[in-house]
Amino acid sequence: MNAFPLIETDPDDPAYRLVTFVATDQDCDGVLALVHTVTDRDRHAGDLTPHLMRRRDDRWELTHRLRADHRASYQFHPFRGDAPGTTRADWLHVLDHARPDPHDTEPRLPARDGRHPSSVLSLPEAPAQPYVRRREGVPRGRTIPRTVAGRRVDVHLPAGHGGDGPYPVAVLLDGEMWGQVLSVGDTLDNLAADGAIPPTVTLLVHTMGPGRPDDLSCNPAFVDLLADRLLPWAGAEFGATTDPRRTVVAGQSAGGLTAAYAAFRRPDRFGNALSQSGSFWWPDETEFDEGSEWLTRRFAAEPRREARFYVEVGLQEWMLLTQNRHLRDVLTARGYDLRYREFNGGHDYACWRGGLADGLAHLLGSPTRTV
C-alpha cells in the first residue's frame, strides 16, 4: 500500500515542499481536502475552490506548496452533488463528516463530540514532538476524576506520588480535551521520566461546556475560583505547592487569553502562564467600551507583575498573529520574563500538544527556584 501524502522538495526553493494529498474514494462526485487553518482561511474568505481535489485516473489529488517546517492535522470530505458551501452550517456539516486519510503514516489526532480523528502532516523541519506519544517502559502516573466547587477536574498524579511534596502544579484549561481525548498524562509522564519537569500535580479543569465564553474571557470570578478554591484544595488533597513560582496555568485560544490574565490578576498564585494561540484580540470593539486587546493594554499600563510567560502562536493564524506579536512587544518592553515562539501551523492540537510539552519544560524545568 502506498503512503500518502506525497512529499517532494520544491525545485525552485528547498525551503518548501510540494505536498500532494491523495484520496482514493470512488463513490462520490468530489472530495474536499481540509488542511487545518489553511482551508479555514479560504472558507472565511468564501471560496473553497482551492481545496477541491482533482480527479486523476482512479484517484483524487491536490498539491499544496508548504514550507518545510509546516505541521497540520488534515481530513478528507467526499461529497455528492454540489461542493460544500462556506456558511457556518455548511462547515459544521463538513466537520461532522470529514474523515482521516486512510493511507496516512503518522499516529492520528483524536477528536471529541463524535467526530472522526484527523491525520497529521509533519514536514521534515517541523519542531520535534518527543513527548506526545506513550512510551514503553516509562513509569505511569494516574488520572482521577474529582469535582471542586461544582466543577469537574481530572487530576493527574505523577508516578510514585506520595508524601514527598510539595509538588509543582500545572492547571490545564479545557481539561476534558487534554485528558479524555488527547491523553496528556502520557506527555506528563514522559516529561517527568526524562527529567524535563519534576513530578507535577496536574489539574485538568473542564471548561468546554456552555459557560466557556464567560469563564475564558478575562473573568475575575473564574480566575479567583482557580486561585482561592482549586489550588488550596489541590494542596490539601495532593500536596500541590503554594509557591506561585512553581505553579503554571496553561490554555489555548480563549484559554490562552485566560492563562495570561490569571498571571496578571493573581500573580500571588500563578507565577507562570503558558499561552498557546491566545485570543488576545478580545473583546470585539462592539462588545466593550474600551475597545479590543484589553489585556494587552492592561499589561502596558499597569505595574509589572512577578510572573513568567511562555507564549506561542501559529504563522497560519491570520486572526491571531498580529495580536500575539503585540502582546510579545508589550511584555518585552515592560521587562517580563518571556519565551515567545511562532510555529508554522494553525489553530491546531496537532501543534499545541508539542508546544504544551515545550512550555511546561521551560516554565517548570528551568533551574530557577527554591520552594
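**Figure 1. Contacts across the whole chain.** Of the contacts (heavy atoms within 4.5 Å) in the chain with a separation of 6 or more, 75% are between residues 24 or more positions apart. This is a predicted model, where local features need pLDDT of at least 70, side-chain atom pairs count only at pLDDT 80 or more, and totals for chains, interfaces and linings use all residues. Residues are numbered from 1 along each chain as its sequence is written, and side-chain values use heavy atoms, with hydrogens and water left out. The chain has 10 helices and 15 strands, taken as DSSP runs numbered from the N terminus (helices are H or I, at least four residues; strands are E, at least two). With a radius of gyration of 21 Å, close to the 21 Å that the globule rule gives for 371 residues, the chain is as compact as a globular protein of that length. That radius is taken over C-alpha atoms, and the rule is 2.2 Å times the number of residues to the power 0.38. Buried residues make up 53% of the 371, where buried means under 20% relative accessible area (1.4 Å probe, protein chains only).

**Figure 2. Where α6 meets α7.** Helix α6 (residues 220-238) packs on helix α7 (residues 254-265) at an angle of about 75°, and their axes are 10 Å apart. Axes here are lines fitted to C-alpha atoms over the stretch in contact, and angles run from 0 to 180 degrees between N-to-C directions. The two helices are therefore roughly perpendicular to each other, a label for angles of 65 to 115 degrees. From α6 come Pro220, Phe222, Val223 and Asp224, and from α7 come Thr258, Tyr261, Ala262 and Arg265. Sort these contact residues and you get 5 nonpolar, 1 polar and 2 charged.

Figure 3. Look for Ser253 in the loop between β12 (247-252) and α7. Ser253 counts as buried because its relative accessibility is 16%. Leaving aside residues up to four places away in sequence, Ser253 touches Gln276, Ser277, Gly278, Ser279, His347 and Trp352.

**Figure 4. The buried side of the story for α8.** In helix α8 (residues 294-301), the buried residues are Trp294, Leu295, Thr296, Arg298 and Phe299. These pack against α7, β14 (308-314) and α9 (321-333).

Figure 5. A search of the whole structure turns up 0 disulfides, meaning pairs of cysteine sulfur atoms within 2.5 Å.

Notes
Parallel < 35°, antiparallel > 145°, perpendicular 65-115°, else oblique. Nonpolar A, V, L, I, M, F, W, Y, C, P; charged D, E, K, R; others polar. Buried < 20%, exposed > 50% of the residue type's maximum accessible area, 1.4 Å probe, protein only.
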